[in-house]
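Good morning, everyone. Please bring the model up on your screens.

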Amino acid sequence: MNGKKVNWIFLASILLNILTVVLLVVMYPIFGMDIVSNLIVSQLIVLLPAAVGVFLAKDNLIQLAGFHKIKISTVFMVILFTFLIMPLVTLVNAISMLFVDNTVASMSGDILGAPFIVMFLLMGVLGPFNEELICRGIFYQGYKRSGTTMQAMLMSALLFALMHMNFNQAAYAFVIGVLVVLLIEATGSIWSSIIVHIVINSQQVLMLYMLEDDTEAGLEMVQEAQSMLTTDDLLLVISIYLILSAITTSLAGCVLAWIAKNEKREENLRAVWKTRKDKKEGKVFTIPLLIAIIIVFFYMGLEVLLEALLL
């Protein structure tokens with residue numbers, strides 16, 4: 001697996017995603033599609049091209065992804081790291097909401113309409129595991145074989161962002177994508193990024209369901225809070241989280257350094273920056289990737305335009 005093959009896999013995923021959306025629009029009046037089915041289909045759309053790509057490349061997925069053991073003490077510090085980066089993620093999310101709607105909040109009605117345990121497993125556990133396996137296990141490691149660690153980090157974060165197919169989630173997904181790669185280099189294991197992703201997604205699901213005494217009341221609270229947010233409210237939230245994230249992200253950096261020392265990988269973490277100017281023969285940016293990016297931005301722009309026209 002290398003950068004060129006990763007780009008083909010990503011293009012295939014995007015084309016499959018678009019095709020599925022079109023089919024669902026045509027078939028919805030006949031068969032319908034609930035949130036659970038949508039989530040399962042969306043994960044398969046990402047997983048299938050990646051699985052085929054790894055098979056054709058004759059790679060060992062376990063070795064490629066980097067499922068290596070980490071110390072128990074590291075696991076607890078990874079969880080601490082996750083909570084320390086959440087204010088930064090919230091800040092980026094709030095900034096994006098100045099321009100587009102919060103995608104998760106807009107889906108709250110469908111989410112709360114499904115059983116908690118089902119949504120917790122799909123959104124909080126299985127989804128993050130699948131996405132990390134693909135984005136950090138296949139994409140990141142594939143790009144590392146063709147380019148520098150810095151290039152691999154930025155490119156895998158970009159693909160992770162674009163995979164969400166909307167501007168709101170893409171914004172903070174890119175930030176998360178960069179941070180978890182640093183964590184992988186500090187631990188030497190994809191398990192660290194899986195833990196981060198599971199913790200972030202799980203707490204989002206838990207918060208949604210904790211808002212409700214019953215499904216209808218919880219739904220009304222979420223929708224009312226979303227609709228009442230003004231630009232001034234968002235600017236206030238951004239101001240508060242700008243200060244908070246400056247503090248917590250600095251602490252997260254200290255935790256990251258501790259983790260690297262605990263796993264004896266300080267030099268690996270430093271190498272992310274040091275090797276930024278290294279040259280490799282392989283390419284990480286190719287025509288298939290450019291085509292995929294154009295398609296994704298066209299899709300996301302069209303989605304925003306349609307939402308504006310429907311208001």
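Look inside the largest cavity: its lining is made by Ser13, Ile14, Asn17, Val46, Met163 and Met165. Keep in mind that this is a predicted model.

How do we look for such a space? Rolling a probe the size of a water molecule over the atoms shows where empty space is left. Here, a search of the whole structure turns up one cavity of 30 Å³ or more. The largest cavity holds about 40 Å³ of space.

Which helix gives the most to that lining? Helix H1, residues 3–31, does, with three residues. Sort the lining by type, and you get four nonpolar residues, two polar ones and no charged ones.

Now the helices. Two packed helices are described by the angle between their axes and the distance between the axes.

Partner one is H9. Helix H4 covers residues 72–96, and helix H9 covers residues 167–187. Their axes come within 9 Å and cross at roughly 155 degrees. An angle over 145 degrees counts as roughly antiparallel, so H4 is roughly antiparallel to H9. H4 passes H9 in a right-handed crossing.

Who touches whom? On the H4 side, find Thr74, Val78, Phe81, Ile85, Leu88, Val89, Val92, Asn93 and Ser96. They meet Asn168, Ala171, Tyr172, Val175, Ile176, Leu179, Leu183 and Thr187 in H9. The contact of H4 with H9 has 12 nonpolar residues, five polar and no charged.

Partner two is H10, residues 191–210. Here the axes of H4 and H10 are 9 Å apart, at an angle of about 50 degrees. H4 and H10 are therefore oblique to each other. Their crossing is right-handed.

From H4, the contact uses Val75, Val78, Ile79, Phe81, Thr82, Phe83, Ile85 and Met86. From H10, it uses Ser192, Ile195, Val196, Val199, Ile200 and Gln203. By type, the contact of H4 with H10 divides into 11 nonpolar residues, three polar and no charged.

Notice some names coming back. Val78, Phe81 and Ile85 of H4 meet H9, and Val78, Phe81 and Ile85 are also in the contact with H10.

Partner three is H12, residues 231–262. The axes of H4 and H12 lie 7 Å apart, and the helices pack at about 155 degrees. That makes H4 roughly antiparallel to H12. What is the hand of the crossing of H4 and H12, left or right? It is left-handed. The contact of H4 with H12 has 23 nonpolar residues, seven polar and no charged.

Methods
Residues numbered from 1 in each chain as written. Predicted model: local features only at pLDDT ≥ 70, side-chain atom pairs only at ≥ 80, totals over all residues. Heavy atoms only, no water. 1 Å grid on protein atoms, 1.4 Å probe; cavity = no way out; pocket = protein on both sides within 12 Å on 5 of 7 lines; lining within 4 Å. Points joined across faces, edges and corners; volume = space filled by probe spheres on them. Helix = DSSP H or I, 4+ residues; strand = E, 2+ residues; numbered from the N terminus. Nonpolar A, V, L, I, M, F, W, Y, C, P; charged D, E, K, R; others polar. Axes fitted to C-alpha atoms, helices over the stretch in contact; angles between N-to-C directions. Parallel < 35°, antiparallel > 145°, perpendicular 65-115°, else oblique. Left-handed = near helix turned anticlockwise from the far one by under 90°. Contact = heavy atoms within 4.5 Å.
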